Amino acid sequence: MTRDLTIAEVRLTPILVADPPLLNTQGVHQPYTPRLIVEIVTADGTTGLGETYGDTKYLELARPLAERLTGRSVMDVNGLFAIDLGVDESRVQGEVDAGGLRGVQSADKLRLSVLSAFEVACLDAQGKALGLPVHALLGGRLRDAVEYSAYLFYKWAGHPEGVAGEKDDWGAALDPAGVVEQARKFKERHGFTSFKLKGGVFPPDEEIAAVRALAETFPGHPLRLDPNGAWSVETSLKVARELGDVLEYLEDPTLGTPAMAEVSAGTGIPLATNMCVTTFGEIKEAFTRDAVQVVLSDHHYWGGLRNTQRLAAICAAFGVGVSMHSNTHLGISLAAMTQVAATVPGLHHACDSHYPWQSEDVLTERLTFRGGKVEVSDAPGLGVELDRDELARLHRRWAEDDGSLRDRDDAAAMRVAEPGWRQPVMPRW
Ligand code: GKR
Ligand code: MG
């Protein structure tokens, strides 16, 4: 049968997803976080799914793009990336991404963060039309399951009083004992054997003590610490000295390639990043200066699954490791991450995922971690199905919001509990 893979309709649904009060160096997660669900429907009725950031600036680019896609082929992914979204540098001048958690903002990164969801939706539609999993379209899988690490956060037991939000059963984690308890739950519930602690929240000595407690409780388990660039070079080197015997890698201890290169020169611990290498343009300087030894890719801002493969190939050529970064996301993105990770040779580190923190999803069936791994689906496309009722419910939440939660702002969320909170001046320590 010949199928008509012309794009007949593109549906964009912004939603607000429940998020626990996870702390980071910029503040705390809002009770609900914005995501955008993309559906690309072909003339023969095949629907492809994609997911990306739902903040206003992404929506403003996604809406006109969606209108321009009707009549094009879902197979024309190269053509998709050639579409000019009209973003120029003046629009993003001086901005940091996610309030300073994902490096500098650039016009290209903003553009790719939107296009990536459409690329994933096209690949999902192609796979469904051809009866092939996305990994087959990317050259085939090299493994049948992808390993993820438990993503530990300092957190409050609940959102501040008076703030709407869902309850969670993780409890508070504000000291070494709380962090160890959280890690235990992660292991029990999902079988993770690697642990990453989001740092930059408390003075370094307290975070060193938490990592030490993890090392004692879970001997032999790979451990990482990521303060999102909150430390000076000197502090980074001190932490590296004190945790040198237990860390698999130190993630973005300090801000920017020159400072990362200084830390790298002074320690034997590998440095990982999702902040100083976040675009192809940043690779040359960082690799030439040996500033990072592991790049944490993220298909959202690197521009999709094929760009993730390209990044992995460049890293391999330079002897730099590759793994995956994550922030709040749902199952469509986890399925996409798993499909592409399955195709990447030399994936030596467990990938990050926030997914266990999300109690809500827009899928008919949640993805599961077994032994810390997500099985690589061989079902057509991404192998996931949209739950329309849930999508509508989470969209209603977005539509009814007065606008205060439609853009991620961890510092504003922190001010509810600490009115004097300002975006910290870096390095904090
Ligand atoms: O969600 O709080 C968070 C994280 O801090 C996230 O935004 C970061 O981008 O997890 C990310 C990281 O590894 O830096
Ligand atoms: Mg990071």
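Colleague: How far does a polar side-chain atom of H29 lie from an oxygen atom of ligand 1?

Modeller: This is a predicted model, in which local features need pLDDT of at least 70, side-chain atom pairs count only at pLDDT 80 or more, and totals for chains, interfaces and linings use all residues. Residues are numbered from 1 along each chain as its sequence is written, chains are lettered from A and ligands numbered from 1 in the order in which they are written, and side-chain values use heavy atoms, with hydrogens and water left out. A polar contact is a pair of N or O atoms within 3.5 Å. For H29 the distance is 2.7 Å; for a polar side-chain atom of D226 and a ligand oxygen, 2.9 Å; and for an N or O atom in the side chain of R408, 3.2 Å.

Colleague: How much of the accessible area of ligand 1 does the protein cover?

Modeller: Such areas come from the Shrake-Rupley method with a 1.4 Å probe. Here the protein covers 100% of the 340 Å² that ligand 1 has on its own.

Colleague: Which residues come nearest to ligand 1?

Modeller: A residue is near a molecule if one of its heavy atoms lies within 4 Å of it. Of the 17 residues around ligand 1, those that come nearest are N24, H29, Y151, N228 and H325.

Colleague: What is to be said of the backbone at D252 and P427?

Modeller: Most residues other than glycine have a negative phi, and most peptide bonds are trans. D252 has a positive phi, near 40 degrees, whereas the bond from M426 to P427 is cis, with omega near -5 degrees.

Technical notes: Polar contact = N/O pair within 3.5 Å; in protein donor to acceptor, adjacent residues only side chain to side chain.
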